[in-house]
Amino acid sequence: RSNADVFVSLHCNGEPKKLAFGTEAFVMGATKNASHLEVAKRENSVIKLESDREKYQGFDPNKPETLAGIKPDDELLNKSIDLASRVEERFTDDLKRKKRGVKQAPFWVLHNAKMPGILIEMGFLSYKPEGEYLNSDEGQDELAESIAKAILSYKKEYFVPGNVDYIEPKTETKEVAEVEKPVKPAAVTVAAASKGDSYRVQIAASGKDLELVPSNFNGLNNI
């Protein structure tokens, strides 16, 4: 209903032996890994605390057949993995947290999201040193900043004018106001074709970000 571009669910982990520590990020998907499935079952079990169970369409976190029916859209899955990877990299590069990786599991909270979605486990409350960090103001601020940086990095990749995936946000902010609205390729193609214009595609591979200036693109303008 909010026309969101991404969905991010924040969690803290825990385990009985109180030895595990580190961050991990989950995306929607089936899994044969028992530990991933158990994490999903524990997270999904909070549905039982809801007063209105009807909105979950008969979903039962303890029934394997319900979990088997959860299948992600391939395009959304790829983008979700990209976003999750950026979050994990920021945790490692910025905060030197142990990275447990990006994983797939059938989380109900990510089910039916019509945008890339991730579930972040920011650490283990059960592991004392990490629990103290997660409970501290400093730790929470650092984790929040790293997550924000990862989202902004993802935004620069997918939500820029001219990118085929870009959709102009409806909510007007200072940052949005400074961004030009994207051109609609279909409309431009029809109008320009009638004037006899031609179109070409440039493909390049680079080890660094290229500034969008004509000198980097064989003299082309309006990139």
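Helices (H or I, at least four residues) and strands (E, at least two) are taken here as DSSP runs, numbered from the N terminus. On that basis the protein has seven helices and four strands, and from the N terminus on its elements follow the order β-β-α-α-α-β-β-α-α-α-α.

The model is a predicted one, in which local features need pLDDT of at least 70 and side-chain atom pairs count only at pLDDT 80 or more, while totals for chains, interfaces and linings use all residues. Residues are numbered from 1 along each chain as its sequence is written, and side-chain values use heavy atoms, with hydrogens and water left out.

**Burial and contacts**

A residue is called buried under 20% relative accessible area, exposed over 50%, and partly exposed in between (1.4 Å probe, protein chains only). Of the 223 residues in the protein, 31% are buried. With contact defined as heavy atoms within 4.5 Å, 70% of the contacts between residues at least 6 apart in sequence join residues at least 24 apart.

Helix α3 covers residues 74-95, which is 22 residues, and reaches 31 Å from its first C-alpha to its last, close to the 32 Å expected at 1.5 Å a residue; the expected span is 1.5 Å times one less than the number of residues. Its buried residues are L77, K79, S80, D82, L83, A84, R86, V87, E88, F91 and L95. The cover over these residues includes the strands β1 (7-13), β2 (23-28), β3 (99-105) and β4 (117-124), together with the helices α4 (128-135) and α5 (137-158). Just after α3, K96 takes a positive phi of about 60°.

A nonpolar core is a set of buried Ala, Val, Leu, Ile, Met, Phe, Trp, Tyr and Cys residues joined through side-chain atoms within 4.5 Å. The largest such core has 19 residues, of which V87, F91, I118, I120, M122, L143 and I147 touch the most other members. At least two residues of this core come from each of β2, α3, β4, α4 and α5, and the largest share, six residues, is supplied by α3. A second, separate core of six residues includes A105, F107, L110 and L119. Leaving aside residues up to four places away in sequence, I118 touches F7, V8, S9, F26, V27, S80, L83, A84, V87 and L110.

**Helix α4**

In α4, the residues E130, G131, Y133 and L134 are buried. Seen down the helix axis, the buried residues of α4 fall within an arc of 160°, so they line one face of the helix; the arc is that of the directions from the axis to the C-beta atoms. K128 and N135 are exposed on the other side of α4, whereas the buried residues of this helix pack against β1, α3, β4 and α5.

L134 has a relative accessible area of 5%, and its contacts, not counting residues up to four places away in sequence, are C12, M122, G123, F124, L125, Q140 and L143. The C-alpha atoms of L134 and F124, ten residues apart along the chain, are separated by 8.2 Å.

**Aromatic rings**

Rings of Phe, Tyr and Trp (its six-membered ring) pair if their centres lie within 6.5 Å, with planes under 30 degrees apart counted as stacked, over 60 as edge-to-face and the rest as tilted. By this rule there are four aromatic pairs, and two of them are set out below.

| Pair | Centre distance | Plane angle | Class |
|---|---|---|---|
| F21 and Y127 | 5.0 Å | 20° | stacked |
| Y154 and F159 | 6.1 Å | 50° | tilted |

Y154, Y158 and F159 form one aromatic cluster.

A charge sits over a ring if NZ of Lys or CZ of Arg is within 6 Å of the ring centre and within 35 degrees of the ring normal. R97 lies over the face of Y133, at 4.0 Å from the ring centre, and K98 lies over the face of F21, at 4.8 Å from the ring centre.
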